[in-house]
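Here is a brief report on strand pairing and overall dimensions. Keep the sequence and the model in view while reading.

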Amino acid sequence: MTIPFFQANQNILKPYALMDLDDTLFQTQRKIDAWQLATTEPENLVCATVNKQGEPLSFMSQRQAAFFNWLLASTELIAVTARDRQEIKRVKLPFNSWQVLTHGAIILTSDGDLLSAWQQHMYNALAPLQNTLNQLATWVNSQKSHSIHNDLKLTTHTDAFIENELTIYLAIKHIQKNHQVLADLAEQLPTLIPDFDKYFYVHVNANNLAILPHVVHKRHAVQFLLDNYLDSQRPSFGFGDSLADLPFLQLLDWYGMPNHGQLHEKFSAS
């Protein structure tokens, strides 16, 4: 069998680029300062997201903007993010392919429509967990009476599945941005709530603690796209900044991370 040598071909087959967004392609000013990112003088920043009032919230450096522009021109860019359908609207960047949202609970087509097959799958998986999720939310709220937890802010993330509004996951922030309180709570949850590990896992990154059902994960949604909708002959790569991104990244041909954030800190320390 004769194997030919590589020959350059100008007919480029665009790879898939599956990208986390926050802290991978852009970040808040607070994190820009904390990470001491290069080329981030205020006059050089590019606004990437706005808050609920329409005010600039997250920014790209010139290098990040150049990287994103290259992705748009050279790849089929697929957003893979914890942002939900409302939060993604506040990202002022163009996306024209698949979007994996809400930690993987939602998949949007290139037209912005819900992927019905995935909606049915998630409905079947989430419906049996609604009572348990509601009980968990009640328990978290009850902890606010304790002095160490009185600065917790709970958000219940929901969406419509087969015309039914279902709770997807719970998110907790610390009003005073005491990250250690959230880290301690993340360790305590499995021991305080019966059968917690059977149904849920915890992801904590800086001032964000998410309590998610095992059925909700970026990896599950990306695997579904790879198996059913993406062209297996096209190469794939991706980037993410958090430990929660690693499982979906490991499904791809190549993956990496920015030189800041949770994944970078984890590998730098090992």
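Tyr16 stands opposite Ser236 in β12. The two strands are β1 (residues 16–19) and β12 (residues 236–239), paired in the parallel sense over 4 bridges. Pairing here requires at least two DSSP bridges between two strands. Strands (E, at least two residues) and helices (H or I, at least four) are DSSP runs, numbered from the N terminus.

The model is predicted: local features need pLDDT of at least 70, side-chain atom pairs count only at pLDDT 80 or more, and totals for chains, interfaces and linings use all residues. Residues are numbered from 1 along each chain as its sequence is written, and side-chain values use heavy atoms, with hydrogens and water left out.

**The six-stranded sheet**

β1 and β12 belong to an open sheet of 6 strands. Its order is β7-β6-β5-β1-β12-β13, with mixed pairing. Which strands stand at the edges? They are β7 (106–108) and β13 (254–256). Each has a single partner strand, so one side of each is left without a neighbour in the sheet. Neighbouring strands are turned by 15° against each other on average, direction ignored.

Helix α7 (residues 218–228) lies across β1, β5 (76–80), β6 (99–101) and β7. The helix runs at about 40° to β7. Axes are lines fitted to C-alpha atoms, for helices over the stretch in contact (heavy atoms within 4.5 Å). Angles run from 0 to 180 degrees between N-to-C directions.

**Strands around β4**

β4 (residues 56–60) pairs with β2 and with β3.

| Pair | Sense | Bridges | Opposite residues |
|---|---|---|---|
| β2 (residues 27–28) and β4 | antiparallel | 2 bridges | Thr28 and Ser58 |

β3 and β4 form a hairpin with 5 residues between the strands. There, Gly54 takes a positive phi near 80°.

**The whole chain**

The protein chain has 9 helices and 13 strands. Its radius of gyration is 20 Å, close to the 18 Å that the globule rule gives for 270 residues, so the chain is as compact as a globular protein of that length. The radius is taken over C-alpha atoms, and the rule is 2.2 Å times the number of residues to the power 0.38. Along its principal axes the C-alpha trace spans about 70 × 45 × 40 Å.

Of the 270 residues, 46% count as buried, meaning under 20% relative accessible area with a 1.4 Å probe, protein chains only. Among contacts between residues at least 6 apart in sequence, 55% join residues at least 24 apart.

Terms used: Buried < 20%, exposed > 50% of the residue type's maximum accessible area, 1.4 Å probe, protein only.
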